[in-house]
Amino acid sequence: MSRPLVARLRPGALSRNLKVVRRLSPGCRVMAVVKANGYGHGLLRAAAALEGADAFGVLEIEGAVRLREAGCPHEIVLLEGLFDRGELAIASEYRFDLVVHQEDQVAMLEAAQNHRALRVFLKVNTGMNRLGFLPERVEAMRTRLEACAVVSDLVLMTHFADADDELGVGWQLERFLSIPSSGRLPWSLANSAALIRHPATRVDWVRPGIMLYGSSPFADETARAHGLEPAMTLESRIIAVQHLKPGERVGYGGTFTADVPMRIGIVACGYADGYPRHATTGTPIRIAGRRTRTLGRVCMDTLFADVTAIPEADVGAAAVLWGDGLPVEEVAAAAGTVGYELLCALAQRVRLEEVRE
Ligand SMILES: *Cc1c(COP(=O)(O)O)cnc(C)c1O
């Protein structure tokens, strides 16, 4: 028997989550974001389950090529555009669309010769201050891009910094609308949080990521509340049981001390699998279908679960680290991070298995 840790993926959940996106944004084109190896779900697997999308958003051109060579007929958008000149020939050959967020990239397109024309998403920095041109520079870039033979058409794009909190998107939308050509170009605005919370952003091209995987972009709302279901369940088993006497400690540094007799289940999952080492005592975990807590420090290959109140939880008992009945956001919160990070950080060594429904 092999190590019991496995990430079970439900392609059906991905396609149902995509239907939620469709219901929320009727008439919009959906660019399903599959960067970071499909948020840990496997790039090709995720894309196959999301074939009902209109386009896929990826970061690395190698991933885009893999998608195309696997037979993906969809539009594929490079979310940070070209990283160097050499990528243009590949993008053109494989029919990728490009984000253009800085001037070097405009120059690369101006220098292009005899390439098939591509759609360009012209990125505007409306306050996130990460990538994109300030609104006052957009017209100049638009003019230059429209003069490029390699540019077939333009979409105006921006990204929100506060779609999930009380500041919202209004302040950035206002800056976006100040661009003179914003009225005549199509737009791409919404990530998951904006799409769910801010109807004004459901236009032309929406760019959902995390919600497709069934995780919530919000700290204060579950994915389930929006009809989304987790596509990944990280599962393992108890591989040993220890009995603690009062006063005995658990794991490296002994950060947890039993004050009563306890039973501890050793679960085959650790930080080398992508489970967060910062998850403290009390992080939720499901053992034998019942919710309990982790104890002490997470090790490289194992972690400790309190099974004192779950007498049936013996060696071989099932453990759910996140997913079914335990949202990844809850585990993330206990580790001071977000569900995104845990999904994306799933280690290469974890087996992925698809669950057919
Ligand atoms: C990652 C990303 C998204 C998706 O964001 P979610 O919060 O996962 O929905 C959308 N747009 C861009 C530009 C991104 O980089």
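Trainee: How far apart do the C-alpha centres of domain 1 and domain 2 lie?
Mentor: This is a predicted model. Its chain is divided into domain 1, residues 11–215, and domain 2, residues 232–354. The C-alpha centres of the two domains are separated by 37 Å.

Trainee: How much area do domain 1 and domain 2 bury between them?
Mentor: Ten residues of domain 1 are in contact with ten residues of domain 2. Carbon and sulfur atoms hold 64% of the buried area. The total is about 950 Å².

Trainee: Which residue forms a salt bridge with Arg-45?
Mentor: The count between domain 1 and domain 2 is one salt bridge. The side of domain 1 that touches domain 2 has five nonpolar, four polar and one charged residue. For Arg-45, the closest N and O atoms of the pair are 3.2 Å apart, within the 4 Å cut-off. The partner is Glu-354.

Trainee: How much of the ligand's accessible area does the protein cover?
Mentor: A side-chain N or O atom of Arg-207 is 2.9 Å from a nitrogen atom of the ligand. Ile-210 uses a backbone N or O atom, 2.8 Å from a ligand oxygen. Of the 390 Å² that the ligand has on its own, the protein covers 92%.

Definitions and conventions
Residues numbered from 1 in each chain as written. Predicted model: local features only at pLDDT ≥ 70, side-chain atom pairs only at ≥ 80, totals over all residues. Heavy atoms only, no water. Domains from an automatic or database assignment. Contact = heavy atoms within 4.5 Å. Buried area = accessible area lost by both parts, 1.4 Å probe. Salt bridge = Lys/Arg side-chain N within 4 Å of Asp/Glu carboxyl O. Nonpolar A, V, L, I, M, F, W, Y, C, P; charged D, E, K, R; others polar. Polar contact = N/O pair within 3.5 Å; in protein donor to acceptor, adjacent residues only side chain to side chain. Areas by Shrake-Rupley, 256 points an atom, 1.4 Å probe, with all protein chains shown as cover.
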